[in-house]
Amino acid sequence: MEHVMEGIQVLLSWQCLLAVVCGVGIGMMFGLTPGLDATSGTALLIPFTYGMQPTTAIVLLASLYAAASYAGSITAICIGTPGTPAAAATLLDGYPLMKKGRAGEALFVALYASVIGGLVSNIMLALTAGPLAAVALRFGPVEYFALALFGLTIVAGLSGRNWLKGFLVAALGLLIVTIGIDSFVAAPRFTFGNVNLLSGISFVPALVGLFALSEALVSIEELGPKTVIQKVTNKIPSLKEIKGLSKVIAVSTAIGAFLGALPGVGAATACWIGYNQARNMSKHPEVFGKGSLEGVAAPQAADNGSVSTALIPLLTMGIPGSATAAVLLGAFTLHGLTVGPELFEKNGSVVYGLIAALFLANIVMGIMGFFGIRVWTKFLELPKGALTALIFAFAVVGSYSLRNSLFDVGTMLVFGIMGFILRKYNFPLAPMVLALVLGPMIESNFRRAMAVSDNGALIFLTRPISLLFIILAIISFVLPFIQLYIAKKKAEKSGLSQDEVMADIEKYFSD
Amino acid sequence: MRKGTIIILSIFVLLSVYLYWLTFGFSDVQSDPVGPAGYPRVCLILILGLSLLGLWQNRKPEAKLNAVKLNNWKLIIISLILLLSYTILMTNIGYFIVTPIFLILVMRVLKVENWVAVISVAAVFTLFIYFAFYKVLQLPLPMGILG
């Protein structure tokens, strides 16, 4: 309770309040821009938080995360392109509503569902994080190794048809973090005599390159004519219509909150499941896909419902629940904070300040989304070339300013080009960033466990919690093969090609 | 897709073999049963195994539909050259001189035709970085000839 009060006090400082407002504003811009999302936005902004107080920095980035998750819906509704991968389900009904001249109603419902989803998700985070952290305090190196392994396999495994590429980039990420001085025996590894590599690959420039620069390069490929937005009306749904959405929003929020807390499942999965559930529950399923307000509310409630709960495994165990949470972990590290159960004891005010800030961020998002919708839609009309140039400039200055190092800018460029090539050939990037985050945790805990073990690697199978995580890791490893098997069987029954069935399955795992 | 994937996987194979060979040069300590080479070797075996499996899967010719196209590749190359030049010149000439020039050049290359928009974006961004990050957050930026 003491930490909760401290957290609220921290939030009420002018720096944190300003950070919430700025974070929401910047998050809206990133969410709006097709191709950019909460992950790239957070990665790009981390370096600029270097001079801030740790709590202010984390609050800024978390507010960005919440707002970007919502703002993808504005793009989906207004121009029929999902601003974020998770907003793809919102597009199905949001864009038809826009074409019918009901954009104002669709935008209001998306905002309303997002705010409710975000607030409920935050309550879940506030209620469960503390008790879970207390359980995680009992974990030793054996359990942490197994947990990190599970966290990694679940994401790499959820790459559908690209399971091999998912595991491959994850292994590459695990290898990349071994570059530098080995902290156990002070031996240099893969440094090639370069002193800049002795401290390892700098995490933040690598993230900026992988997510922001590579995305900017992809956007050059898609340069086209200026987007023209139809006029957005001020009309909002009636109170009766809003009340009618309560059940859909409640169920979708619960789906989002639950799935968000599972490492690696992500917002896109929650959105599609929420959307399908709403269609199954609806009295008018025939309207879905043609302009249903329920079809807009469900994915948005699930999307923002997953935001705060994705932080549960991150804050309590140090395992990111999503790619954005993995990037946030980089921010914690940059500010000298170690996530995991000890964070609650040593830096409780940061944790509870973050939770309180997320409450406020949802409310600010509601206000800015409602009153500023005309401004946000204008932002969509900015030329793509200008946005790309700005991302380039931000990426360079951000990478440089961390350590006044041109080598870090080089790291960002190398990872950016690598990310671009990998994207082009359908290699998923999320497993790599998770591997970059979890790699040191996997290696150090593995080596610590092996040092105290009398039975070699058998120690991982003799401890119950470790055994449970190892079993879960094996299940997530075999999941892609089950997916392929299901697709094959479905294809045989439905007459569709296996590729078409797999594509249908994969849309659930697009982030 | 198939050709590019094969090239990428082949690079992974060669790289993993070379890096595995390098691990024999890592110094060992008796008190550490895994040693500095143990973990990277596991990663390298995984990369090698998965890459070989990928090459095996790609041995059959694929449908033409899956070909990867690189649109606007000239613009991508020019942008990367500009980005590299910007990085180098930033430290020598100065961040606040090179940045607006870089932004104007990139926007023109990327077909932003409205000169007012181009100059406004370049000016506003540079001023924003100067006041918000250089002055308020005291981000260390290279001043070059202005310093």
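Helices (H or I, at least four residues) and strands (E, at least two) are here DSSP runs, numbered from the N terminus. This is a predicted model, in which local features need pLDDT of at least 70 and side-chain atom pairs count only at pLDDT 80 or more, while totals for chains, interfaces and linings use all residues. Residues are numbered from 1 along each chain as its sequence is written, chains are lettered from A and ligands numbered from 1 in the order in which they are written, and side-chain values use heavy atoms, with hydrogens and water left out.

**Ser399(A)**
- Ser399(A) sits in helix H19 (residues 384-403) of chain A and, at 1% relative accessibility, counts as buried (under 20% relative accessible area, with exposed over 50% and partly exposed in between; 1.4 Å probe, protein chains only).
- A polar atom of the Ser399(A) side chain lies 2.7 Å from the backbone oxygen of Ala395(A).
- Leaving aside residues up to four places away in sequence, Ser399(A) touches several residues, including Pro47(A), Pro205(A), Asp408(A) and Met412(A), where contact means heavy atoms within 4.5 Å.

**Helix H13(A)**
- Because 13 of its 13 residues are buried, H13(A) is largely enclosed by the rest of the structure.
- At the start of H13(A), a side-chain oxygen of Ser292(A) comes within 3.1 Å of the backbone nitrogen of Glu294(A).

**Positive phi in loops**
- Most residues other than glycine have a negative phi.
- Ala186(A), in the loop between strand E1 (180-181) and strand E2 (188-189) of chain A, has a positive phi near 55° and is exposed at 55% relative accessibility.
- Phe192(A), in the loop between E2 and helix H9 (203-221) of chain A, has a positive phi of about 55° and is exposed at 55% relative accessibility.

Conventions: Polar contact = N/O pair within 3.5 Å; in protein donor to acceptor, adjacent residues only side chain to side chain.
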